[in-house]
Amino acid sequence: MYDNASAPTAPASPTPLTLLGLGAMGAALARTWLAAGHPLTVWNRSPGRSAELALRGARVADSAAEAVAASPLVVTCLLDDASVREALADADLTGKDLVDLTTSTPAESRARAAWAAGRGARFLDGGIMAVPPMIGAPGAGGYILYSGPRALFDQHRDVLGVPAETRYAGEDFGLAALYDVALLSAMTAMFAGARHAFALVEGAGIDRKEFGGLVAGWLTAMAPATAAYGDPAAPEDTTSPAVVEAGDAALLRTAREQGVDTALLEAAAGSVTGL
C-alpha cells in the first residue's frame, strides 16, 4: 500500500535537474522547479515550447542527450513509453537517476527499469494524479505516485515534492503505474457515466448547466461509498438482488426510450455482478 510520503516542500539547497518533455504537464512541472530556484535544463522535441521557460531561467538543450548530460537527476514527462526510449536512445545514462513520469503500464514500467539499469542508471517510476493547473498549487488535490527503490525516492523526495505532494507506492517498479491506471480507469468510467446522463436528457428541454450541477453534486455525494470496495470489513450490501435487477432494467429501458446506447450500462451491470 502506498505511503503518503510528503507534502510539497522546498529543499534546503537547490537541486539541479533535467526535464525532457514540455507539453502542458511538463511545462507546469518546469515552472514550479524554476520558481523554487532549482537549476533546470529542459528539452522538447518541438523547440518553440521552451521559449517561455528560457525567460524564466531554464537552460534549453539542443538535444535530449545534451540535456541528460547536464544534470545527475533526469525527469521524463513524454507522450508514451516509446517516446521515452526514443528520446534517450543516444543519451549516456551512466550514473544518472532517471525518474519517468510518463503514463505507462506496470509491465512497461518494469521493463523501463531494467532497461535503465542496463544503461547504468538508477530508476524511479511515477504516476501523476493531477491535471496541469494542480501542479504547484498546494491544496488542489493533486499528487504524484512513485515506485522503485525507497532509498532513491527518499534521496530525491524534497525536489520531487516541489510540483505536488508525493506518495510512495512501493519497491515494485510497476506499482505507481498500476495505481495510476487504476485510478484513471475509475475516472474514465465516471466521465463516461456523466456523458451518458447528459445524453439521456438531450432534447428534453432541461437546462444543461443546472443539470450539470446536479450531476456533480450527486457524484460527489456518492464518491465516498466507493471506498467500501476495498474494505473487507465494510457492511455487506443487503439490497435485494431483485431490487438491483429491477433498477438496472429501468436504466436500460430509459436509455432505449431516449435513443441512447446501452453498452455502458450493460458493461457496468456485468462488472458489478462480477464482484
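Colleague: How many helices and how many strands does the secondary structure of the protein come to?

Modeller: This is a predicted model, in which local features need pLDDT of at least 70, side-chain atom pairs count only at pLDDT 80 or more, and totals for chains, interfaces and linings use all residues. Helices (H or I, at least four residues) and strands (E, at least two) are DSSP runs that are numbered from the N terminus. Counted in this way, the secondary structure of the protein comes to ten helices and nine strands.

Colleague: What percentage of the residues of the protein count as buried?

Modeller: A residue is buried at under 20% relative accessible area, exposed at over 50% and partly exposed in between, with a 1.4 Å probe and protein chains only. The protein has 275 residues, and the part of them that counts as buried is 39%.

Colleague: What percentage of the accessible surface belongs to carbon and sulfur atoms?

Modeller: Accessible areas come from the Shrake-Rupley method with a 1.4 Å probe, and for residues only the protein chains shown count as cover. The accessible surface of the protein comes to about 14500 Å², and the part belonging to carbon and sulfur atoms is 60%.

Colleague: How many salt bridges does the structure hold?

Modeller: Side chains of opposite charge can pair when their charged atoms come close. A salt bridge is counted when a side-chain nitrogen of Lys or Arg is within 4 Å of a carboxyl oxygen of Asp or Glu. By that rule, the number of salt bridges in the structure is twelve.

Colleague: How many residues apart in sequence are the parts that Glu86 and Arg45 tie together?

Modeller: Glu86 and Arg45 form a salt bridge in which the closest N and O atoms are 3.5 Å apart. Glu86 lies in helix 4 (residues 81-87), whereas Arg45 lies in the loop between strand 3 (40-43) and helix 2 (51-55), so the separation in sequence of the parts tied together is 41 residues.

Colleague: Which helices each supply at least two residues of the nonpolar patch?

Modeller: Patches are made of residues with over 30% relative accessible area and no salt bridge, where like charges are joined within 9 Å and nonpolar side chains (Val, Leu, Ile, Met, Phe, Trp, Tyr) within 5 Å. Here Met187, Met190, Phe191, Trp218, Leu219 and Met222 form a nonpolar patch on the surface, with about 560 Å² of accessible area together. Leu219, for instance, is found in helix 8 and is partly exposed, with a relative accessible area of 33%. The helices that each supply at least two residues of the patch are helix 7 (175-201) and helix 8 (208-222).

Colleague: Which residues does Ser50 touch, not counting those up to four places away in sequence?

Modeller: Ser50 is found in the loop between strand 3 and helix 2, and at a relative accessible area of 7% Ser50 is buried. Not counting residues up to four places away in sequence, Ser50 touches Leu22, Val42 and Val60.

Colleague: How far apart in space are Pro16 and Gly217, C-alpha to C-alpha?

Modeller: Pro16 lies in the loop between strand 1 (3-6) and strand 2 (17-20) and counts as partly exposed at 34% relative accessibility. Beyond its neighbours within four places in sequence, Pro16 is in contact with Pro39, Ser71, Pro72 and Leu73. Pro16 and Gly217 are 201 residues apart in sequence, and their C-alpha to C-alpha distance in space is 44 Å.

Technical notes. Residues are numbered from 1 along each chain as its sequence is written. Side-chain values use heavy atoms; hydrogens and water are left out. Contact means heavy atoms within 4.5 Å.
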